[in-house]
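Here is a short walk through one structure. Keep the model open beside the text and find each place as it comes up.

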Amino acid sequence: MSSSVTARAATFAQVLKRVFALSAPYFRSEEKWRARVMLLGIVALNLFYVYVAVLGNEWYGRFYDALQNKDSVAFWREVGVFGWIAFFNIAVQVLKFYVTQLLQLRWRAWMTRSYLSRWMADRTFYHLELARYAGKDGHTPDNPDQRIQEDMQIFTSATMTLSMGLLNAVVTLMSFIGLLWGLSGNFSLTFGGTTYQIVGAMVWVALGYSILGTVITHFIGRPLIRLNFTQQRYEADFRHHLVRVREYSEAIALDKGEKVEREQLDLRFGDVLRNYLLLIKQQKNLVTFTSFFGQAAVIFPFLVAGQQYFGGAFQLGHLMQIGSAFGKVQESLSWFVDNYDSVAVWRATTDRLTSFDDGMRAHAEREDGLQHSPSAMLQTGDLTVALPNGVPLLAGAALAVKPGDSVLLQGPSGSGKSTLFRSFAGIWPFSKGRIQVPDNVAFMPQRPYVPDGKLRDALTYPNPAADFTDDQLRQALTDALLPDLAARLDDSDAWSQKLSGGEQQRLAIARVLLKKPAWLFADEITSALDAKAESELYKRLSDTVHAAGGAMVSIAHRAAVGDFHNQRWTLVPQEEGTGTAGGARYRLNTSTAQPAAA
Ligand SMILES: Nc1ncnc2c1ncn2[C@@H]1O[C@H](COP(=O)(O)OP(=O)(O)OP(=O)(O)O)[C@@H](O)[C@H]1O
């Protein structure tokens, strides 16, 4: 065996291994019995379907013999038999279709839920994106949305269709090859003046015909696998950009960014079209060959067996039976030829799901450099805050915040203030060291997430609205200086689009006033508010956390916010080579002095 054939076989074995790894969990899941019974049922129906086809072939022989012998009694008897065969054929097809679809649906549902759970667990959805943009390519799948929504549908349906198709082909082959062998008898072929007696000649002819077809198909169709893979990625990129335009519609409209966005969209759509054209061209070649192959297969057995018939070796019924059995054997042997295109899509989808699976597994098995544990106060030990590329922003920090404290964190833009908060929250995978954080804590990001839907759900997010009374909800909105919204708790809207930046910040503050956490980490939460509203709201937040026995750490550039804090942490830039711990870009100064404007 040549090395390239061995390599190809290894790749094919690898694909099967991947398909097994992706499929097996469902058939071992809590739904395993239902899944296995359905699968067995489908296999049984497929086998029965082949059996009906064998009956059909035998019927062919009898029917054409009746026609040739002008035997009307036999003719009508066979018409009756045909009715039964047709009835079973239809019944099995319908049942097969229905049960296969049901299993596919259940499988997809289970797989989607299982992947969703893994993707949403342990902040995988966030870390995979971080790693992707940080260029860590090994395990950073693109467009997880497409993999979950589209690839799983394609994978489950293609796996079912192709595996059952293959099973059918194998069983059909086994059933008809014997039949064809028997029908072939002893063929005598005269070639170059010599007559050869060939046992089972039609079987050998079918085999040769199909092997030749398969080899040529593989040769023509091979580029389809890569083209399909790329196509799926381009389609997802194009869709992703469309979604971003929708999401940032206002900012783009204000920036008059339509032209740039249009160009970007055209660029991505251009990729889609260009690749699709290549795909079509390659498919055209494949269709040309498979059509020729299919057409030739209709006449081919008659060309081979015709001589014997004309020589009076057998009757018309026998010849027709040979034609039909040859068709079946050749069709099963050519399964690969007929399904090459589907196999290419299926393989591309398998590769995409496998890399998604690998990415999530690598994330689950990663070793965290950050030890995060609960405590009555905030404490860090030997904390290094680093960028995704490993460059340390801050190294060796030992920080402490006790109940009753209020700390204002300041520093130049981009110095790592938000990243320090991300580390406190335990979501930043690039930090190292020890962090102890109290339990009852709320982190408020610079841009709050405001889900669309009912206002009461947006207000209590991520808790269910039913956890609070209407009075509590209204009071929180009023305290957060949003009295007008208090009457609109049941209004549904796209709040992230409709509310102003300042209103969204106040809605996030209302959430905190409602839930009353003891510890609060607030990242520029009043940057869009006027000075009066800012000081009023800071006072309320400070009172809330201190009443609950906790503390507050805030990031803010405005000096006035300092009035609500009794300590200051300042990130100070380091000259290169000044010998700061770990070569970090910043050093953290702590003081109890009143803060100044950043
Ligand atoms: N996902 C990321 N991938 C790569 N770099 C990042 C990522 N997130 C943040 N950074 C970089 O980390 C640095 C610190 O960012 P961070 O948001 O913590 O700064 P900041 O001090 O809060 O800034 P600002 O005051 O402007 O909000 C910046 O240089 C930023 O570009």
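Helix 12 gives the most to the shell around the ligand, with 3 residues. The model is predicted. The shell holds 13 residues, and Ser-413, Gly-414, Lys-417, Ser-418 and Thr-419 come nearest to the ligand. Two elements give two or more residues to this shell: helix 4 (124-133) and helix 12 (417-425). By class, the shell divides into 5 nonpolar, 7 polar and 1 charged residues.

Stay with helix 12. Its buried residues are Lys-417, Leu-420, Phe-421, Arg-422, Ser-423 and Phe-424. Just after helix 12 comes Gly-426, with a positive phi of about 80°.

Now return to helix 4 and follow the chain onward. The loop between helix 4 and helix 5 contains Pro-141. Is Pro-141 buried or partly exposed? Pro-141 counts as partly exposed, because it has 19 C-beta neighbours inside 10 Å and a buried residue needs 20 or more. Pro-141 touches Leu-128, Arg-147, Ser-355, Phe-356 and Gly-359, leaving aside residues up to four places away in sequence. Thr-354 is 213 residues from Pro-141 in sequence, yet their C-alpha atoms are 9.5 Å apart in space.

Next comes a helix pair. Two packed helices are described by the angle between their axes and the distance between the axes. Helix 5 (residues 144-184) packs against helix 10 (residues 316-333) at an angle of about 145°, and the axes are 8 Å apart. The crossing is left-handed. On the helix 5 side, the contact residues include Ala-169, Leu-173, Phe-176, Ile-177 and Leu-180. On the helix 10 side, they include His-318, Ile-322, Ala-325, Phe-326 and Val-329. The contact has 13 nonpolar, 4 polar and 1 charged residues.

Helix 6 (residues 201-221) contains Val-203. Val-203 touches Ile-177, Leu-180, Trp-181, Ser-184 and Val-329, again leaving aside residues up to four places away in sequence. Among these, Ile-177 and Leu-180 of helix 5 and Val-329 of helix 10 also take part in the contact between those two helices. Val-203 is buried, because 22 other C-beta atoms lie within 10 Å. Val-203 and Ala-325 are 122 residues apart in sequence, but 9.6 Å apart in space from C-alpha to C-alpha.

Turn to the nonpolar cores. The largest has 61 residues. Which of its members touch the most others? They are Leu-394, Leu-459, Ile-509, Ala-510, Leu-520 and Leu-541. Helix 16 (residues 501-515) gives the most to this core, with 7 residues. Ala-510 touches Leu-459, Ala-476, Leu-477, Ala-480 and Leu-482, not counting residues up to four places away in sequence. A second, separate core has 26 residues, including Trp-119, Leu-227, Tyr-340 and Phe-356. Phe-356 is also one of the residues that Pro-141 touches.

The peptide bond from Tyr-461 to Pro-462 is cis, with omega near 5°. Pro-462 is placed in the loop between helix 13 (455-460) and helix 14 (470-479). The loop between helix 14 and strand 11 (492-493) holds Leu-481. Leu-481 is not a glycine, yet its phi is positive, near 65°. With 18 C-beta neighbours inside 10 Å, Leu-481 counts as partly exposed. Asp-382 in strand 4 (residues 378-386) has a positive phi of about 50°, although it is not a glycine. Asp-382 is partly exposed too, with 13 other C-beta atoms within 10 Å.

Technical notes
Residues are numbered from 1 along each chain as its sequence is written. This is a predicted model: local features need pLDDT of at least 70, side-chain atom pairs count only at pLDDT 80 or more; totals for chains, interfaces and linings use all residues. Axes are lines fitted to C-alpha atoms, for helices over the stretch in contact, and angles run from 0 to 180 degrees between N-to-C directions. Helices (H or I, at least four residues) and strands (E, at least two) are DSSP runs, numbered from the N terminus. A crossing is left-handed if the near helix is turned anticlockwise from the far one by less than a right angle, and right-handed if clockwise. Two residues are in contact if their C-beta atoms, placed from the backbone, lie within 7 Å. Ala, Val, Leu, Ile, Met, Phe, Trp, Tyr, Cys and Pro count as nonpolar, Asp, Glu, Lys and Arg as charged, and the others, Gly among them, as polar. A nonpolar core is a set of buried Ala, Val, Leu, Ile, Met, Phe, Trp, Tyr and Cys residues joined through C-beta atoms within 7 Å. A residue is buried if 20 or more other C-beta atoms lie within 10 Å of its own, exposed if 12 or fewer, and partly exposed in between; C-beta atoms are placed from the backbone. A residue is near a molecule or strand if its C-beta atom, placed from the backbone, lies within 6 Å of it.
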